[in-house]
Amino acid sequence: MTNRTFVTTFILMGLPHAPALDITLFTIFLVIYVLTVMGNLLILLVIMVDSHLHTPMYYFLTNLSFIDMWFSTVTVPKMLMTLGSPGGRMISFHSCMAQLYCFHFLGSTECFLYTVMSYDRYLAISHPLRYTSMMRGRTCALLATGTWLSGSLHSAVQTTLTFRLPYCGPSQIQHYFCDGPPILKLACADTSVNEMVIFVNIGVVASGCFLLIVLSYVSIVCSILKIRTSEGRHRAFQTCTSHCIVVLCFFVPCVFIYLRPGSRDAVDGVVAVFYTVLTPLLNPVVYTLRNKEVKKALLKLKDKVTQSQSK
């Protein structure tokens with residue numbers, strides 16, 4: 001039997017770029033990360049403080065903000081380390097496993113949460129008279145808990161499938177974080193079954209969630225068109241537009257990376273930036289710039305802070 005030395009440390013190759021751009025990219029991603037964390041924390045604070053925002057829609061938005069904050073934290077700091085120094089590219093086998101699990105846990109939970117949020121909008125617009133009774137606090141808590149548990153189970157399957165294989169070199173991951181497809185390329189065993197199961201697993205989850213979201217919005221559009229006043233139709237469309245924007249920004253890059261045959265390392269790394277770095281930033285931007293209720297709550301919070309400082 002041939003002796004094989006198994007990999008204990010991986011090397012993240014990072015984003016493909018010219019070395020001269022290290023400082024520029026580091027600064028850009030650091031600013032985006034800080035804005036993402038601060039923006040999502042601000043949304044969480046505003047919704048907690050303002051009692052007018054204690055509704056199902058904003059309850060799910062707090063879950064989304066919490067996920068986005070940590071989803072960005074799972075990948076961006078390590079990316080900054082790979083840009084900051086050559087030693088920052090190193091990641092231990094177990095740390096890589098943990099990063100993969102957290103990444104898919106938060107990502108799949110967000111995927112399920114978008115579906116629940118579209119269902120919430122469907123009930124609010126299509127069945128406004130029954131909405132309050134159908135979306136009580138307990139129902140919202142059960143739906144949110146279901147998304148977290150489903151995400152955890154989905155990620156456990158992904159992580160187990162990926163790290164049950166032997167890795168005996170090379171150890172260079174052509175990506176800026178530990179993800180399934182680039183890691184499987186390093187396995188010293190047949191990965192065809194893993195790739196197929198992962199493809200089907202992600203395909204069923206992503207396609208199923210996206211289909212349910214599309215069906216919800218088809219029903220929502222039909223209901224909106226029945227609203228008699230133009231002001232009512234405008235308010236209904238405005239409520240849904242924010243959700244549609246973040247859904248498209250999340251799903252399109254994921255479909256491009258995970259649900260297409262073949263893989264191009266450089267392209268995948270650049271596209272992954274959209275849903276790991278930019279989408280978590282879009283959540284606070286879109287929901288504050290396009291949402292009048294959140295704007296009012298922010299102004300109230302600002303006034304309270306100003307008054308407390310003037311005393």
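This is a predicted model: local features need pLDDT of at least 70, side-chain atom pairs count only at pLDDT 80 or more; totals for chains, interfaces and linings use all residues.
Which residue in S3 does Leu12 stand opposite?

View 1. Residues are numbered from 1 along each chain as its sequence is written, and side-chain values use heavy atoms, leaving out hydrogens and water. Leu12 stands opposite Ile173 in S3. Strand S1 (residues 9-12) and S3 run parallel and are joined by 2 bridges; strands (E, at least two residues) and helices (H or I, at least four) are DSSP runs, numbered from the N terminus. Ile11 has Gln172 as its bridge partner in S3.

**View 2. The open sheet.** Its 3 strands follow the order S2-S1-S3, with mixed pairing; two strands pair if DSSP finds at least two bridges between them. Strands S2 (90-92) and S3 (172-173) are the edge strands, each pairing on one side only. S1 and S2 run antiparallel and are joined by 3 bridges, and Ile11 stands opposite Met90 in S2.

**View 3. The two faces of strand S1.** The covered face of S1 holds Phe10 and Leu12, whereas Thr9 and Ile11 form the uncovered one.

**View 4. Val37 in helix H1.** Val37 belongs to helix H1 (residues 22-49). Is this residue buried or exposed? Val37 is buried, because its relative accessible area is 19% (buried means under 20%, exposed over 50% and partly exposed in between, with a 1.4 Å probe and protein chains only). The C-alpha atoms of Val37 and Leu80 are separated by 15 Å, and these residues are 43 residues apart along the chain.
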